[in-house]
Amino acid sequence: MLYIVIALSAEARAIVQMLKLKRVYTLPYTMFENEDVKLIISGMGNDNAMMATSTLLGHLPPCESDLLINIGICAAPKKYAIGESLLIHKITREEHSCFPDILFEHSLKESGLLTVDKPTDEEQQMPVDMESYGIYKAASRFLQTHQMLFYKVVSDHFEPHTVTKELAEELILANVKKIEDIISRAQYVMKKEKLFTTDEEELIQKISDLLSKSQSDAFVDACHYYKFHQKKPLHPKGTLHVSGIKAIDEKISKQERNKYFEQLIKTLTL
Amino acid sequence: MNNLSKPSHSDFFSHLYIEESVIDEPLTKEIISKFSNSKIIMIKHYKDVFNRPNQDFAMQSRSKNLILARREAPFLYEGSYYSDGFEYENFFYTPSILGCLYDCDYCYLSGMYNSANSVLFVNTDDFFEALTPYLEKPTLIAISYDTDTLAIESITSHTKIWIEHAAKHPNLHLEIRTKSANFKAIKSLTCNENIVLAWTLSPQKIIESYEHKTPSLEKRLRSIKEAIDAGWKVRVCIDPVIYNEEFHELYPPLIDKLFNTIEPEKLFQLTLGSFRMSSTHLKRIKKLRRSDIAFYPYEIKDNIVSYSKEIEQNILETMIERATNYIPRTRIRTWQLQ
């Protein structure tokens, strides 16, 4: 699943079109989705961003192959051109900083970012937004450091009065291809092969249910050992069990269970 | 979003995290100059990055980054129960680098640290100062416990700095343990009787399966030969032995190969030991779900996981029997669970 958090509807418009997302009404937020993507409009500001992110991820808890991206505009010093896109590797708010991991190659400029409470017309040393820190803080309860991306487009040089909805929409629209590319790159490095097939998972569950808790843990470990070591199917569909393990259906005595468990471990680890 | 075919970072250290307090240190500047393409991220304290919760060790291993920092006390730790102290009254290890460029599936570092990145402490003089009170007696310092210093030598010159320090202090003994093939990095330095270069060897098949990013057996053996020929004391560690159904085909021939490459009488010592680890570290390694090593049905005693007594005995007896064809038993050291 791809989770997208965006502060303003104007910033989201181009993304909604690019991904062909449909409006949904499951949460008290403006939300869009398709089969693989959930997009939430958080509203402006750190607290709103934190709450919306928490709500989204709490409602649909992510797994280890999921990715969250925050897309939005930011103010920046004059060395950054208006329209320039940035990938953020450090987010600071007051005295605290957090560090999303960027574990893939890309051609964007990377930067630190300061999250502040209000739009500012005071020149700062680095790009500034109002949401990223809150999003990171909320998302880091659910996601690992490499599962969070912060994509910013420079909208102004600390002249907030120049930033209109139209400008925000236009800046994101001009970046949709780059955003798509960054998401693909992040998802590529996160791809993990599944160790067990669905059939194997079912067999493991069925056998685990017959065992005590500690036996079940040891059995699951032994299945991992077998798969990594032998690199063979545990339970190929439609054939005999290559590993020699099979579930037994009938109720068994404690003594029989212990014997069965010993056989399982021996079969899988010898 | 379905056309996923982009590479991950191909080089080490795409990002350098640097503590504000060490930005002007000479070593920091030298490292920055070596990584001109890396992104530099200023940090307040190395733990803000290295100890972050929710890092993915396995994922970071594919794209390791470097953190430059200032170490605060303690600068020395007492030698670990899991390793040989060689009967020294003073036996310490230094945490002057945390994390390793190599990525071995059985390494306790992946069970100990949240991060696969490396931390280099650039204030080496503070480590030397902490050591001074102990140097009235022979003191053994293992400088590559939480890292492989020789593997990262071209970036840090760390091994060189320690060897040069040892040359000034006759009671300072060093053990420099490595899997690298990088003897050339210290080749120009003068040999020192008080320093042991300790190479860890494994059969090539084990290297390919579990010791990711490490040099091949052939390369390590060439490096060992060069070191011995240059007059250095070399200990070879076939430790940890990873036991499986191919043990007899893989490990005793490794001993033959070693002594076919080097003259047995020129090897200072051979260390043999089977895989063992704290059960706490193993639990964390299991969560990475990377290798069969984490999931073998080990025996647990006093918070240490190891092979059964029977297997451990079999490993040691087989290895000692083969090794004593070449060197006397007195030059073979073993680690066995008491």
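**Salt bridges, chain contact and a helix pair**

Author: Over all chains the count comes to 31 salt bridges, a salt bridge being a side-chain nitrogen of Lys or Arg within 4 Å of a carboxyl oxygen of Asp or Glu. This is a predicted model, in which local features need pLDDT of at least 70, side-chain atom pairs count only at pLDDT 80 or more, and totals for chains, interfaces and linings use all residues. Side-chain values use heavy atoms, with hydrogens and water left out.

Reader: Which residue of chain A does B:Lys39 pair with in a salt bridge?

Author: The partner of B:Lys39 is A:Glu110, with the closest N and O atoms 3.8 Å apart. B:Lys39 lies in strand E2 (residues 39-43) of chain B and A:Glu110 in strand E8 (residues 109-115) of chain A, so the pair joins two chains. Strands are DSSP runs (E, at least two residues), as helices are (H or I, at least four), numbered from the N terminus.

Reader: How many salt bridges are there between chain B and chain A?

Author: The count between chain B and chain A is five. A:Glu95 also forms a salt bridge with B:Lys44, at 3.3 Å between the closest N and O atoms.

Reader: How is a pair of packed helices described?

Author: The description uses the angle between their axes and the distance between the axes. Here the axes of H2 (residues 46-59) and H3 (residues 132-139), both of chain A, come within 7 Å and cross at roughly 30 degrees. Axes are lines fitted to C-alpha atoms, for helices over the stretch in contact, and angles run from 0 to 180 degrees between N-to-C directions. H2(A) and H3(A) are therefore roughly parallel to each other (angles under 35 degrees).

Methods:
Residues numbered from 1 in each chain as written. Chains lettered and ligands numbered in written order. Parallel < 35°, antiparallel > 145°, perpendicular 65-115°, else oblique.
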